[in-house]
Amino acid sequence: MSAQPFIRFARPTDLPAILRIQARCYTAIVPESATSMGAKVAAAPNTCFVACQGEHIVAYLLALPWRFDDPPGLDAAECRLPARPDTLYLHDLAVDPEARGSGIADMLVGAFLAALTTLSLPRASLIAIQHSAPWWSRHGFVPVPVAAPLSVRLAGYGKDAAYMCRLAATPDP
């Protein structure tokens, strides 16, 4: 019998496992660098999580308190949180293929939503890629229209990228 999965805050020492999972999961975009992923974990240690099964990290979720009208770009070497965030931006969620279907993604989303409540931000946002928008819709996220500058940036995430948000008060389905 395998160990029960659990969620904890991500640490800089988790980067090798995070990068391994990222490389296995993303095919529509070039995976982000260790520098970029490490900068996010360092900038927002209370909103970045890993899911563990026993001693092994099997999934991660990186989220940043941010500005809704200007989500962070991909693969930035630095991550400076804005002084007045108005969204908890879910930058990345990835589950090792061997752990899919185990409920770990839902556990990570639960930790993310708990952080949203703790921060008292009015909404959560994300950019859905690789045909994941229907999955995010099941968690209360809806597509939002984007202005031309953001539309250009979204193109770097693949042709099916969608900017989505969920109000903090939305009940979890």
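Modeller: The crossing of H1 and H2 is right-handed, a label used when the near helix is turned clockwise from the far one by less than a right angle, anticlockwise being left-handed. This is a predicted model, in which local features need pLDDT of at least 70 and side-chain atom pairs count only at pLDDT 80 or more, while totals for chains, interfaces and linings use all residues. Residues are numbered from 1 along each chain as its sequence is written, and side-chain values use heavy atoms, with hydrogens and water left out.

The contact (heavy atoms within 4.5 Å) is made on the H1 side by Leu15, Ile18, Leu19 and Gln22, and on the H2 side by Ala34, Met37 and Gly38. These residues divide into five nonpolar, two polar and no charged, where Ala, Val, Leu, Ile, Met, Phe, Trp, Tyr, Cys and Pro count as nonpolar, Asp, Glu, Lys and Arg as charged, and the others, Gly among them, as polar.

As for the geometry, the axes of H1 (residues 15-25) and H2 (residues 34-43) come within 10 Å and cross at roughly 120°, the axes being lines fitted to C-alpha atoms over the stretch in contact, with angles from 0 to 180 degrees between N-to-C directions.

Turning to the whole protein chain, there are five helices and seven strands, which are DSSP runs (H or I, at least four residues, for helices; E, at least two, for strands) numbered from the N terminus. From that end the elements run β-α-α-β-β-β-α-β-α-β-α-β. The C-alpha trace spans about 50 × 35 × 30 Å along its principal axes.
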